[in-house]
Amino acid sequence: LGAYFKSFLHDAVLEINFVLDCKDLENLHTERSDKVLKLEHSVAVASSSQEGQEELSVWAPTSHGRVTKDRPTHKNSQGYQVDSIDTYAREVSELTHTINRRVDE
């Protein structure tokens, strides 16, 4: 598009900007940012609860979100108690994949 305008306006065109309506991407990005903050908080809580204990990987996934006593948990939308780190890590991954797919469309 820039080449088109420059072909007949020559040096009069300095810059070309496009305005895009991408509210859905903004909403997905906001949701992903919220999940990242919750994930980081969960990891910090798990790390602080493991101080002085044998070093365990905070990032090691549990078996299908199974609740363990050493890791933070929360209730999901269905009311079940789930492992916070596993759940938020999965949700961030899914949102990242969705955002990348929408950008590529």
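Modeller: Buried means under 20% relative accessible area, exposed means over 50%, and partly exposed lies in between (1.4 Å probe, protein chains only). Phe5 has a relative accessible area of 30%, so Phe5 is partly exposed.

Colleague: What kind of model is this, and how are residues numbered?

Modeller: This is a predicted model: local features need pLDDT of at least 70, side-chain atom pairs count only at pLDDT 80 or more, and totals for chains, interfaces and linings use all residues. Residues are numbered from 1 along each chain as its sequence is written, and side-chain values use heavy atoms, leaving out hydrogens and water.

Colleague: What makes up the chain, and in which order?

Modeller: The chain has 3 helices and 2 strands. Helices (H or I, at least four residues) and strands (E, at least two) are DSSP runs, numbered from the N terminus. The order from that end is α-α-β-β-α. Phe5 sits in helix α1, residues 2–9.

Colleague: How much of the chain is buried?

Modeller: Of the 105 residues, 24% are buried. The accessible surface is about 8100 Å² (Shrake-Rupley method, 1.4 Å probe). Carbon and sulfur atoms account for 53% of that surface.

Colleague: Why is Thr87 called buried?

Modeller: Its relative accessible area is 8%. That is under 20%, so Thr87 is buried. Thr87 lies in helix α3, residues 84–104. Setting aside neighbours within four places in sequence, Thr87 is in contact (heavy atoms within 4.5 Å) with His74 and Val82.

Colleague: What else is buried in α3, and what do its buried residues pack against?

Modeller: The buried residues of α3 include Ser84, Glu91, Val92, Leu95, Thr98 and Ile99. The buried residues of this helix pack against α2, β1 and β2.

Colleague: How do you know that the span of α3 agrees with its 21 residues?

Modeller: The expected span is 1.5 Å times one less than the number of residues. For the 21 residues of α3 that gives 30 Å. The end C-alpha atoms are 30 Å apart, so the two values agree.

Colleague: What makes Lys23 and Glu26 a salt bridge?

Modeller: A salt bridge needs a side-chain nitrogen of Lys or Arg within 4 Å of a carboxyl oxygen of Asp or Glu. The closest N and O atoms of Lys23 and Glu26 are 3.9 Å apart, so the pair qualifies. The two residues are 3 apart in helix α2 (residues 23–49), which means about one helical turn between them. Glu26 is partly exposed, at 43%.

Colleague: Why can such side chains pair at all?

Modeller: Side chains of opposite charge can pair when their charged atoms come close.

Colleague: How many salt bridges are there in the whole structure?

Modeller: A search of the whole structure gives 6. One of them joins Arg90 and Glu94, with the closest N and O atoms 3.7 Å apart. This pair is 4 residues apart in helix α3, so about one helical turn separates them. Arg90 is partly exposed at 44%, and Glu94 is partly exposed at 44%.

Colleague: What makes Asp83 and Arg71 a salt bridge?

Modeller: Their N to O distance is 2.9 Å, within 4 Å, so the side chains of Asp83 and Arg71 count as a salt bridge. The pair links distant parts of the chain, 12 residues apart: Asp83 is in strand β2 (residues 81–83), and Arg71 is in the loop between α2 and β1 (73–75).

Colleague: Why are Asp83 and Arg71 called buried?

Modeller: Asp83 has 0% relative accessibility, so it falls under 20%. Arg71 has 10%, so Arg71 is buried too. A network of salt bridges links Arg71, Asp83 and Asp86.

Colleague: Which residues make up the largest nonpolar core?

Modeller: There are 5 residues: Leu39, Val43, Ala46, Ile85 and Tyr88. α2 and α3 are the elements that give two or more residues to this core. The largest share, 3 residues, comes from α2. A nonpolar core is a set of buried Ala, Val, Leu, Ile, Met, Phe, Trp, Tyr and Cys residues joined through side-chain atoms within 4.5 Å.

Colleague: What is Tyr88 in contact with, leaving aside its neighbours within four places in sequence?

Modeller: Tyr88 is in contact with Lys35, Lys38, Leu39, Ser42 and His74.

Colleague: Why is Asp24 called partly exposed?

Modeller: Asp24 has a relative accessible area of 39%, so it lies between the 20% and 50% limits. Asp24 is in helix α2. Its C-alpha atom is 9.3 Å from that of Arg102, 78 residues apart along the chain.
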